Amino acid sequence: MWKKLVTVVLVLMVVSLAACSSGGSSTGSGKKDTKKDKGLDPIGQTVKYDPNHLVNKGEPIDIEYWTWVDNDPAIALAKKYEKTYPNVKIKTVIQPWDDFWTKLPLALKGKNGPAIFNVHNSQNDLLMPYMAAYKIPVKDLEADFTSVPSHVVDGKIYYTDISINTGNIYYNKKLWKEAGLTESDIPKTWEEFTAVAKKLTKEKNDKITQAGFNFNSETYSAMIEGLNYQKGTLLFDKDGKKVNFDNKTTKENTQFLKDLYDKEKVGSKDFGTDSSQSFGNGQSAMVYKWGWYQGELKNKYPDIDYGVFPTPTPTKDTPFAYDRYNGESTPGINKNQTKGQQAVAQDFLKYLLANDDYSKQGALNLASFPTKKSLAKDKDILADPVLKALSNRIDRLIWPGAFPAVIESTSTQTMEDVLYNGKSVDQALKDGQAKIDKEMAKSDFKASESKYKFYNEAN
């Protein structure tokens, strides 16, 4: 009798596991759908989504979508998708950032991982072995979205950018007005910027009490590639493997930033260690930050009346690139899930990409400019101060690829060596190059700079 019970239990366990690994196509919690014609209009431009069809042949199926973002626009759209297809249930699993990158790879290795998941390009090497290519023609994606060419791998797309961001100058409107400045004084060149920064600087007893410009903390590592790109100097060599850090342009731009403190006296290495906090406290008049800073100001420093203007350039001529950018990524499809789950995930993905609301809400949530071309002149997008500043520069932003973190960490250390440790610019850059070379020797990373539209204009 005991053996029979054990046998029954084992059989039930096998059946249960089989049901789990089948992706839910026979055990979905939704209702069978027999209505092919939904009476809805197709959406999208080139990438079109016609909702008048059955998903999974109308049979109930449950899939999971994993993300680390509480206000991920895919979550709200998943609810709308479920209303159109009552047989489909999309369970959203939100993991904290650190947990996400531990749990997701482990889940993707098996058969029970999420069918679709949020992607961050910094984890490209970790995720690519588990990702299925999009079943959307690359040429269609390129017709609707900017920056797609940078993500083509062997003629296929596994994810691309839904929005992109770069640095801008945030300025304190109250301090601006106190200095007698108006919008007509917004600088276009770095020379003009320096003059404005000097007007915004206050001193007492030879000590700065208000910085005109503050780049303390991570700002140098965030700025230096962009400053170099403005002068046509690439971050990588032509093979895309070796970092081009110790060069004439980096020396010029590093010296320029150092001189803003030492010669122009618009700020100081000793004026706090965190430029983000200093600006939020009303002690610094201008800072260079990416789109994330808008959210920080809203959450931590809601009383600061700030404006945003595009980062200045060496001259008023159009540069090789205004800055580098990084993107917020479209979702990935789990190639290890069942065919049924993958098919639903691909359908949901196409629904997201054809839907302007997905791109628009994601852009507004993260202060990142939408790559969807149909939104380039959207009034709500252009009403956002950060996105407005970016709007005329999108075509002249370059993506070097999701390069290893050692480049930014070493850049930060380089400027700290110059400002605090007494190293000359030449020696700091030389040491930085050596450290980067040593670490990059372990990496198979290859830059995407050659895919930039204006690559041939580089020095």
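In one of them, E218 pairs with K289, and their closest N and O atoms are 2.9 Å apart. This pair ties together distant parts of the chain, 71 residues apart: E218 sits in the loop between β12 (207–210) and α8 (219–230), while K289 belongs to strand β13 (residues 286–289). Helices (H or I, at least four residues) and strands (E, at least two) are DSSP runs, numbered from the N terminus.

Before going further, note that this is a predicted model, in which local features need pLDDT of at least 70, side-chain atom pairs count only at pLDDT 80 or more, and totals for chains, interfaces and linings use all residues. Residues are numbered from 1 along each chain as its sequence is written, and side-chain values use heavy atoms, with hydrogens and water left out.

How confident is the predictor? The mean pLDDT (confidence in each residue, from 0 to 100) of the protein chain is 93, and 94% of its residues reach 70 or more. Over residues 1–26, however, the pLDDT is below 50, and this stretch has 22 contacts beyond near neighbours in sequence, a contact meaning heavy atoms within 4.5 Å. Where pLDDT is low, the predicted coordinates should not be read in detail.

Now step back to the domains, whose bounds come from an automatic or database domain assignment. Domain 1 covers 56–163 + 327–382, and domain 2 covers 166–326 + 396–457. Fourteen residues from domain 1 and nine residues from domain 2 take part in the contact. Together the domains bury about 850 Å², 45% of it on carbon and sulfur atoms; this is the accessible area (1.4 Å probe) that the two parts lose on being put together, summed over both.

What crosses this interface? The rule finds zero salt bridges between domain 1 and domain 2. On the domain 1 side, β9 (161–165) and β16 (326–329) each give two or more residues.

How values were computed
pLDDT is the predictor's confidence in each residue, from 0 to 100. A salt bridge is a side-chain nitrogen of Lys or Arg within 4 Å of a carboxyl oxygen of Asp or Glu.
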